[in-house]
Amino acid sequence: MHSPHDPFVRVRGAREHNLQGVDVDIPRDVLAVFTGVSGSGKSSLAFGTIYAEAQRRYFESVAPYARRLIHQVGAPKVGEITGLPPAVSLQQRRSAPTSRSSVGTVTTLSNSLRMLFSRAGSYPEGAERLDSDAFSPNTAAGACPECHGLGRVHRTSEELLVPDPSLSIREGAIAAWPGAWQGKNLRDVLDTLGYDVDRPWRELDAADREWILFTDEQPVVTVHPVRDAGRIQRPYQGTYMSARRYVMKTFSDSKSQTLRAKAERFLASAPCPACDGSRLRPEALAVTFAGRTIAELAALPLSELAKVLESGASSSDSARVLTEDLLARIATVTELGLGYLSPDRATPTLSAGELQRLRLATQLRSGLFGVVYVLDEPSAGLHPADTEALLTVLDRLKAAGNSVFVVEHHLDVMRHADWLVDVGPHAGEHGGRVLHSGPVAELAGVRESATARFLFDREPAPEREVRTARGWLKVGPVTRHNLRGVSAELPLGVFTAITGVSGSGKSTLVGEITEESAGVGRLVRVDQKPIGRTPRSNLATYTGLFDVVRKVFAGTDAAKERGYGVGRFSFNVAGGRCETCQGEGFVSVELLFLPSTYAPCPDCAGARYNPETLDVTYQGKNIAQVLDLTVESAAEFFARTPAVVRSLRTLIDVGLGYLRLGQPATELSGGEAQRIKLASELQRARRGHTLYLLDEPTTGLHPADVEVLTHRLHELVDAGNSVVVVEHDMAVVAGADWVIDLGPGGGDKGGRIVACGPPAEVARAEESHTSPYLARTLGRPPR
């Protein structure tokens with residue numbers, strides 16, 4: 001037995017995911033970094049075991065009611081863990097943020113700002129004081145009544161609804177109408193009402209066109225359908241609905257994502273005319289602080305907002321107390337290199353790294369003591385210059401009396417750690433062992449470790465011949481976000497890296513490249529947006545691999561005997577799926593006092609299919625077991641099915657061999673989603689020039705996997721294509737042919753091109769924040 005004051009968290013017999021009965025001791029009150037190649041099991045140890053057990057103990061202590069839930073969610077597969085304090089997790093999971101969620105709501109800055117306006121704002125004469133709720137666009141008291149607090153209204157127009165006015169209504173002039181019978185019915189109703197459905201749209205009377213598209217009337221008439229050969233159709237009562245009404249109704253009410261997306265094509269979104277996009281009622285916008293409305297302050301970058309608050313702080317005691325609180329909150333966010341964000345910036349537009357650092361800033365203010373913080377790659381999406389600020393913040397969390405456990409691939413974060421846990425040696429089944437747990441320097445002696453080679457081998461990047469451009473692509477001038485009239489020239493037929501600190505305008509610049517730009521040819525944009533928003537979308541369905549797998553199962557003797565077609569093996573349609581969870585594998589468990597959570601389905605235990613479907617096997621495995629295979633094991637399992645192997649090969653090539661085929665899209669990180677999209681692209685045979693645009697493709701990758709991925713990207717260039725990456729990893733930048741560095745700072749301190757040229761030239765640039773780090777990687781003395 002260990003004493004109650006044992007300074008270690010001791011894990012015994014951890015078997016979560018691919019962990020192979022791991023025993024490990026990690027000291028408390030230190031910065032401990034978990035490393036290993038992608039999929040080696042480090043997250044399973046840090047999150048799936050240590051954090052999950054801390055959470056389970058918290059639930060146990062809450063109430064008997066919560067125990068039922070733990071029984072459903074299941075405890076982590078581990079023998080025992082001793083010395084474990086309460087834990088707080090900050091993960092990169094893309095929780096589904098809504099358009100109402102913003103930087104201000106995540107950091108709770110919005111609450112303090114509203115309080116400031118309510119208590120210390122300058123009100124118009126005779127106006128009564130407003131409650132702080134009245135300054136929030138998310139409450140009935142504050143939201144603009146016209147746009148319900150969203151700041152934008154959706155409108156439609158004749159040009160959108162009728163793209164080709166030379167067609168008649170019968171020929172389909174009204175593109176926004178539904179297809180099939182429903183559209184035919186609306187046409188017949190118009191015909192019955194006396195409108196000419198056979199004249200070209202542009203020849204119809206303007207008043208008629210207006211009524212057909214925009215009326216709110218819904219007349220009911222008796223329609224006598226035209227007889228089809230041999231089919232008698234009876235008269236029926238038909239109701240007319242204008243094209244605008246149909247589009248608006250579909251957009252606001254339809255549960256079908258496809259129908260909503262179709263309706264959205266006929267809508268133009270514009271700032272709300274009533275509140276001018278500020279989302280608030282006029283009463284709230286009449287109140288000012290330091291001469292500005294709350295909407296104007298919320299639109300300022302945080303670094304600017306701090307200056308305005310300092311200037312208006314002296315007005316009263318309450319103003320002073322509230323501004324001091326706001327300034328302290330802003331300081332922690334700015335310290336993490338996010339001073340360029342404004343409080344009203346919508347959360348969905350942030351990168352996963354930015355979102356996690358915002359949550360980290362909020363934790364710094366919470367003043368918790370004696371807990372374990374478990375962080376998931378906090379350096380993701382950070383320029384090396386910003387990583388130093390992050391290390392200061394992690395040190396402050398530790399100094400406040402907490403343990404900081406970090407899953408991380410960034411070498412500077414590893415070097416800064418007090419303790420290193422290296423998991424490996426490879427991904428999936430070939431990993432799951434702890435190779436080293438101890439001080440950083442001692443990892444050098446671990447031969448099996450893939451991390452050691454990169455951590456201690458300081459050899460400069462090998463010299464390579466820089467490719468010559470085949471042509472140039474002109475971008476700009478761009479004036480958007482913080483870019484002010486910036487023009488850039490990108491070389492074609494080479495590998496280009498775009499660098500700069502967070503918020504310097506890299507993604508904005510790349511976002512301006514379109515297929516219409518001269519010289520592009522075909523454009524493939526591979527971003528970090530999730531590949532699906534529900535657990536139904538997974539790796540196999542997204543890559544099209546699942547269609548082939550279902551055909552394989554439908555072709556087995558057992559399936560043929562029972563008359564099972566391909567549809568039987570889909571978990572999205574009735575027939576083969578488990579009806580209790582409708583093929584999700586999970587059921588949502590509602591909790592009174594906690595957010596609802598998912599638990600494995602009580603009937604199929606997560607398999608997604610009904611027992612009859614699971615009776616059909618191929619080479620000894622049923623379809624649920626196949627979905628449970630990792631990409632690597634599946635490549636061996638389907639060795640005799642070339643179509644499947646080709647898909648799987650490309651996934652292994654981009655370093656995703658460790659993912660399970662049925663891994664829900666909601667469990668994938670932004671970096672993984674991006675590499676799945678890249679793999680889908682790579683398996684298509686291409687002719688002609690393609691420009692590939694990638695936004696931070698190495699996010700969440702171990703240096704060993706970065707090598708594999710970069711090799712694939714260079715192969716694309718060798719095949720005659722162009723590759724443009726926005727990148728912070730200096731090893732990738734050093735291997736590029738051309739570098740464009742934006743900056744020098746973030747937000748209004750950036751937004752211009754500081755240097756461009758081959759890596760060796762940019763490494764000597766005077767003003768650049770990137771050059772010293774690039775010079776170090778190239779093995780040159782910094783300027």
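## Basis of the model

The model is predicted, so local features need pLDDT of at least 70 and side-chain atom pairs count only at pLDDT 80 or more, while totals for chains, interfaces and linings use all residues. Residues are numbered from 1 along each chain as its sequence is written, and side-chain values use heavy atoms, with hydrogens and water left out.

## Overall size

The protein chain holds 30 helices and 23 strands. Helices (H or I, at least four residues) and strands (E, at least two) are DSSP runs, numbered from the N terminus.

A compact globule of 783 residues would have a radius of gyration near 28 Å, and the 29 Å of the protein chain agrees with this. The radius is taken over C-alpha atoms, and the globule rule is 2.2 Å times the number of residues to the power 0.38. The C-alpha trace spans about 85 × 85 × 70 Å along its principal axes.

## The six-stranded sheet

Six strands form an open sheet in the order β5-β10-β11-β3-β12-β13, and the pairing is mixed. Two strands pair if DSSP finds at least two bridges between them. At the edges lie β5 (87-90) and β13 (433-438), each of which pairs on one side only. On average, neighbouring strands of this sheet are turned by 15° against each other, direction ignored. Axes here are lines fitted to C-alpha atoms, for helices over the stretch in contact, and angles run from 0 to 180 degrees between N-to-C directions.

Strand β3 (residues 31-35) runs parallel to strand β12 (residues 419-424), and four bridges join them. Val33 has Leu420 in β12 as its bridge partner. Helix α1 (residues 42-62) packs on the sheet and touches β3, β5, β10 (372-376), β11 (403-407), β12 and β13; contact means heavy atoms within 4.5 Å. The direction of α1 makes about 135° with that of β5. Helix α15 (residues 384-399) also packs on the sheet, where it touches β3, β10 and β11, and its direction makes about 145° with that of β11.

## The three-stranded sheet

Another open sheet has three strands in the order β2-β1-β4, with antiparallel pairing. Its edge strands are β2 (22-27) and β4 (80-82), each pairing on one side only. Neighbouring strands are turned by 5° against each other on average, direction ignored.

Strand β1 (residues 8-14) is joined to β2 by five bridges, and the two run antiparallel. Val9 stands opposite Ile26 in β2.

## Two helix pairs

Helix α8 (residues 243-253) packs against helix α9 (residues 257-264) at an angle of about 135°, with the axes 8 Å apart. That angle makes α8 oblique to α9; under 35 degrees counts as roughly parallel, over 145 as roughly antiparallel, 65 to 115 as roughly perpendicular and the rest as oblique. Val247, Thr250 and Phe251 of α8 make the contact with Leu259, Arg260, Ala263 and Glu264 of α9. These residues divide into four nonpolar, one polar and two charged. Ala, Val, Leu, Ile, Met, Phe, Trp, Tyr, Cys and Pro count as nonpolar, Asp, Glu, Lys and Arg as charged, and the others, Gly among them, as polar.

The axes of helix α4 (residues 109-120) and helix α13 (residues 317-335) come within 10 Å and cross at roughly 165°. The two helices are therefore roughly antiparallel to each other. Residues that meet across this pair include Leu109 and Ser112 in α4 and Ser318 and Ala319 in α13. The contact of α4 with α13 divides into nine nonpolar, three polar and three charged residues.
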